[in-house]
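Biologist: I'd like to learn how to read a model like this one. Could you walk me through it?

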Amino acid sequence: MQIFANPNYNFIRWRWHAIILSAAVIGSGLFTIYARGGLPLGVDFSGGTVLLLRFDKPTPEEVVRHALGPLSADAQVQTSGRPGDNEILVRLPLRKGLEQGASLEADAKEVEAALRGANVGTFEVRNRDIVGPTIGEDLKRKGIAATLTSLGGILIYIALRFRLSFGIGAIVATFHDVLVTLVFLTWFGYELSLNVIAAILTITGYSVNDTIVVFDRVRENQRLARREPLDQVVNRAVNQTLSRTIITAGTTFLAVVALYLFGGEVLEGMAFTLLVGIVTGTYSTVFIAAAIAIILSRRVGSGGGAVTQAQAKAKAQTKTKRAG
Amino acid sequence: MYANLRWKVLTILVVTALAVWAFYPPRTKVKRGLDLQGGVHMVLRVHTDDALKIETETASEQLREALTAAGVTTTSVRATSLTEFVVEGVPPASDAQLRQIADQQVTGSFDRTAGGGGTYTFRMRPNVENRGRTEAVTQALQTVERRVNEFGVSEPVVAPYGTTGDRIVVELPGVSDVARAKELIGKTARLEIKLVEGVASDEATLLQAQGGKLPGDMEIKPGLASRGDASKVLYLVRRTPVVTGTDLRNAAPTVDEYNQPAVRFSLNSEGAVKFGKATSSNIGRQLAIILDDFVQSAPVIESRIEREGRITGSFTQQEASDLSLVLRSGALPASLSYLEERTVGPSLGADSVRAGVRASLAGLALVTLFMLVYYKLAGINAFVSIVLNLTILLGFMAYLGAVMTLPGIAGFVLTIGMGVDSNVLIFERIREELATNRGTRQAVAAGFNRVFTTIVDTHVSSLIAAAFLFQFGTGPIRGFATTLFFGLLANVFTAVFVSRTLFELILSRKPAGAATLSI
């Protein structure tokens with residue numbers, strides 16, 4: 001069985017359309033993020049208290065909210081898990097002045113006491129996360145540092161193995177994937193947690209992985225056919241590896257779908273991030289990484305300024321000739 | 001025939017056997033993180049300021065005592081900051097004497113500056129301050145460790161955390177009574193026994209006998225009035241303790257004469273000497289038993305006591321045994337506060353394991369099904385290398401004692417997906433090579449050879465990401481990074497070596513010219 005018998009699509013022709021589409025998605029997403037006052041940070045980064053409660057009978061959010069009394073002004077209450085789980089998630093933002101002595105858990109204790117006092121049936125605290133402001137700031141800083149340093153490390157590796165323009169192409173594509181993933185997380189109401197950051201870093205690895213396969217093929221093709229213009233070489237490489245790109249994305253997607261469906265509530269955000277990342281990672285490999293690499297390669301040759309299609313082709317030709 | 005095929009197969013079998021041996025049975029050999037077995041994870045900060053404050057106060061007390069003993073009069077000796085204390089009103093005639101006594105007592109740790117008018121400022125040396133802070137953290141770490149060990153948790157973690165130098169991470173797997181664990185860990189448990197100079201319900205009455213002014217060698221501590229009386233009173237006590245927690249040899253729960261829970265303690269020989277001397281010369285007076293700056297009880301000394309003592313108060317049985325535990329493990333040099341606390345109930349952990357296993361199996365099934373449909377019999381090849389990949393990964397984890405976490409399971413599932421990648425890359429290339437009408441064997445060899453550099457490139461870049469993830473990560477994330485890292489390493493072996501050997505094994509059974517492949 002084969003999906004693409006002998007693919008010969010002209011992906012490079014669509015590069016500007018792709019870039020505009022990506023810019024539109026990222027732009028409107030960034031606007032959403034800006035409008036809501038920043039990324040949706042989970043308790044790991046913003047600090048605060050999260051309680052996952054399991055009741056012995058179905059308990060609507062409203063009942064819990066009512067039982068919390070004055071606490072519910074700041075609290076977010078939502079059902080969690082599957083319908084039969086009777087689980088309620090209660091979140092409280094960080095209160096000022098905590099983190100002295102044992103008072104970090106004051107909010108959690110108040111919530112538990114309020115619910116025990118109210119007539120809402122018995123419940124079990126399945127999970128309790130309390131993050132103080134110091135650790136929240138710490139994790140935020142570390143998260144940003146880890147994302148940037150891992151991108152930097154990958155850039156250096158690719159720049160060493162390939163041309164710099166290709167390295168930049170791969171990194172732009174990866175940045176693109178990170179941004180698109182963040183945008184989709186915001187749109188679908190997922191919060192950034194440590195697990196989600198881990199998933200985003202995995203996406204950077206996956207996306208670069210995908211891009212390298214194409215670039216490796218470009219390098220191989222260039223060795224065989226030196227006279228061919230760069231965009232044709234790249235386009236051929238994208239087509240040659242198309243089956244692999246689609247199948248790998250497909251199988252990884254299948255595995256992650258299993259994680260999304262069966263992995264339980266704790267992993268849901270992580271699995272969602274991976275799902276979005278795989279789709280955008282594949283898209284960016286085909287449409288963004290190669291396009292950026294070609295555009296940059298040309299600019300280097302022409303000394304900046306706009307280059308027409310024909311001129312660019314000629315330039316690329318002479319350049320590859322010279323190189324040969 | 002292929003060369004060395006026998007050896008290649010043998011290598012694969014040995015590696016598989018080693019991996020299985022390393023992780024079987026997984027229930028005991030693969031370490032589970034807190035998120036999978038339930039428990040509590042806490043990050044604590046040691047308030048090292050406390051330790052410095054105590055050190056400065058102790059030094060100023062020592063100097064005061066030495067000065068009084070030598071007959072040097074002063075108007076005051078008092079700590080003015082964490083690391084500084086001042087001696088005021090030294091008569092000009094005693095100047096030389098003060099210098100001499102100060103040199104003997106505190107000059108090792110404090111720098112002295114003369115402010116004129118008989119005033120001297122003593123400031124803690126920076127290296128002493130730094131050492132004091134580091135020691136406070138180390139001591140706190142050891143104390144917490146002792147307490148946790150006595151608490152009876154299997155495989156607890158107590159370790160320094162982060163780069164600020166004053167944080168400790170504590171992980172207690174399987175603990176459900178988090179409140180009690182926190183109480184035990186965080187209690188300073190500073191025991192002091194001091195002579196009582198007066199008891200009253202308010203400060204003015206208390207100081208009346210002293211002429212309305214707090215004498216320099218005394219201090220006021222709140223406490224319980226007496227047995228069965230919950231009201232608070234104030235005690236005027238001597239600053240210098242008779243004995244402290246460091247003089248303790250042992251502590252154990254007991255009951256007092258009213259059959260109420262209490263704590264019995266015994267002193268070491270040095271403490272016994274001090275205690276014996278103080279009790280024999282103060283018969284009829286009260287001794288305040290002060291725990292964390294609160295007077296628990298103030299019994300009257302009836303006779304000389306040397307080794308044994310008792311702390312009574314309004315304790316429950318549990319409180320008495322917890323108090324003896326923390327007294328035995330020693331006082332914390334500084335107070336602790338909680339920066340982070342994560343508790344996972346055991347039922348959630350068990351659910352997560354079930355969900356994780358189900359997700360892994362479902363992922364494996366879906367991917368295998370797809371590979372079989374798309375690559376026919378070669379799909380079996382992919383299946384074998386993925387299963388072997390996971391086997392080796394588990395073996396690595398168990399052998400290195402790496403912790404399996406919930407995100408780690410996600411790493412497993414992702415490894416299934418990524419592991420297929422290399423197979424797809426190779427299979428596609430073999431198909432391409434077959435399309436050029438080369439022989440089957442050449443096509444297989446060319447497929448593997450051509451793709452090798454690509455596989456190295458992709459794996460190295462992913463390993464870079466995994467390494468940064470590990471370095472950045474806390475518990476669960478590290479578990480994820482670890483599985484990803486070793487999954488990738490195992491994959492290079494299974495996708496390149498194992499998969500190729502399987503192809504060669506199939507081809508070697510067919511005649512060289514007519515070999516075909518189901519791919």
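**Contacts and cores**

Modeller: Happy to, and bear in mind that this is a predicted model. Let's begin with one residue: setting aside neighbours within four places in sequence, B:Leu469 is in contact with A:Ala146, A:Ala198 and A:Leu201, and also with B:Ile477, B:Phe480 and B:Ala481.

Biologist: Which residues touch the most other members of the largest nonpolar core?

Modeller: That core has 209 residues, and B:Ala288, B:Val413 and B:Leu469 touch the most other members. The element that gives the most to this core is H10(A), with 19 residues. At least three residues come from each of two domains of chain A, domain 1 (12-40 + 136-323) and domain 2 (48-131). There is also a second, separate core of 13 residues, including B:Phe85, B:Val106, B:Phe110 and B:Phe122.

Biologist: How should I read the contact between the chains?

Modeller: In general, the size of an interface is often given as the accessible area lost when the parts come together. Here we can count residues instead: chain A gives 59 residues and chain B gives 59 residues. On the side of chain A that touches chain B, two or more residues come from each of strand E4 (123-131) and helices H5 (133-161), H7 (194-224), H9 (242-262) and H10 (265-302) of chain A. H9(A) provides the largest share of that side, 13 residues. By class, the side of chain A that touches chain B has 28 nonpolar, 20 polar and eleven charged residues.

Biologist: In which sense do E4(A) and strand E18 of chain B pair, parallel or antiparallel?

Modeller: Antiparallel: five bridges link E4(A) to strand E18 (residues 336-344) of chain B. To find your place in the pairing, look for A:Asp129, which stands opposite B:Arg342 in E18(B).

Biologist: Where in chain A is confidence lowest, and where is it highest?

Modeller: The general rule is that where pLDDT is low, the predicted coordinates should not be read in detail. Chain A has a mean pLDDT of 83, with 90% of its residues at 70 or more. Within chain A, confidence is lowest in helix H11 (residues 309-323), at a mean of 45, and highest in helix H1 (residues 15-35), at 94. Over residues 301-324 of chain A the pLDDT is below 50, and this stretch has 20 contacts in the model beyond near neighbours in sequence.

Notes. Residues are numbered from 1 along each chain as its sequence is written. Chains are lettered from A and ligands numbered from 1 in the order in which they are written. This is a predicted model: local features need pLDDT of at least 70, side-chain atom pairs count only at pLDDT 80 or more; totals for chains, interfaces and linings use all residues. Two residues are in contact if their C-beta atoms, placed from the backbone, lie within 7 Å. Helices (H or I, at least four residues) and strands (E, at least two) are DSSP runs, numbered from the N terminus. Ala, Val, Leu, Ile, Met, Phe, Trp, Tyr, Cys and Pro count as nonpolar, Asp, Glu, Lys and Arg as charged, and the others, Gly among them, as polar. Two strands pair if DSSP finds at least two bridges between them. pLDDT is the predictor's confidence in each residue, from 0 to 100. A nonpolar core is a set of buried Ala, Val, Leu, Ile, Met, Phe, Trp, Tyr and Cys residues joined through C-beta atoms within 7 Å. A residue is buried if 20 or more other C-beta atoms lie within 10 Å of its own, exposed if 12 or fewer, and partly exposed in between; C-beta atoms are placed from the backbone. Domain bounds come from an automatic or database domain assignment.
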